[in-house]
Amino acid sequence: KRNHGIIEWRRRTKRRAVALLGGECSRCGYNRSLWALQFHHRDRSKKSFKLSLVHTIAWWRIEMELGKCELLCANCHAEEEEMIFLGCSEVGIALGR
C-alpha cells in the first residue's frame, strides 16, 4: 500500500529542489517534465545521500546536498554518466562516432 502523504511530500520537495536549481536542465534547457529532471552530483565522493530516496530529511539538509548537484534532464544525465563510466571526454565516443 502506498503512503500518499509521502508521495505528495516527495512531489512538493522535488518541485522546490528543481526550482532552487533553476527549473531547467543546465545543459540543454529542457523544462517540460518534472519527472525527466534529475540531480547529478558533480563529485560523487562528496555525496551524503541519494536525493531521489529521501522522505524524512529536513529541507536544510536537502538544500545543502543540492549545492553539490547540477540539474540535468534524463538524456543529458545519461550522457554524463556514460562519459564518467567509460572515461570519455565527450558524447559520441562511446558509440564510436
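How many residues does helix 3 have, and how far does it reach from its first C-alpha to its last? Select residues 74-86 to find out: helix 3 has 13 residues and reaches 18 Å, close to the 18 Å expected at 1.5 Å a residue. Keep in mind as you look around that this is a predicted model.

**Around helix 3**

Stay on the helix and highlight Cys76, His77, Glu80 and Met83, which are buried. They lie on the same side of helix 3, because they cover an arc of only 130 degrees around its axis. The general rule behind such patterns is that an α-helix has 3.6 residues a turn, so residues three or four places apart point the same way.

Next, show strand 1 (37-41) and strand 2 (69-73), which are included in what covers the buried residues of helix 3. Before leaving, step on to Gly87, which follows helix 3 and has a positive phi, near 70 degrees.

**A stop in strand 1**

Select His40, which you will find in strand 1. Is His40 buried or exposed? His40 is buried, with a relative accessible area of 3%. Leaving aside residues up to four places away in sequence, His40 touches several others, among them His77, Glu80, Glu81 and Ile84, as well as Lys68 and Leu72.

**Looking at the rings**

Finally, pick Arg16 and Trp59: the charged end of Arg16 sits over the ring of Trp59, 4.0 Å from its centre.

Notes:
Residues are numbered from 1 along each chain as its sequence is written. This is a predicted model: local features need pLDDT of at least 70, side-chain atom pairs count only at pLDDT 80 or more; totals for chains, interfaces and linings use all residues. Side-chain values use heavy atoms; hydrogens and water are left out. Helices (H or I, at least four residues) and strands (E, at least two) are DSSP runs, numbered from the N terminus. The expected span of a helix is 1.5 Å times one less than its number of residues. Buried means under 20% relative accessible area, exposed over 50%, partly exposed in between (1.4 Å probe, protein chains only). The arc is that of the directions from the helix axis to the C-beta atoms. Contact means heavy atoms within 4.5 Å. A charge sits over a ring if NZ of Lys or CZ of Arg is within 6 Å of the ring centre and within 35 degrees of the ring normal.
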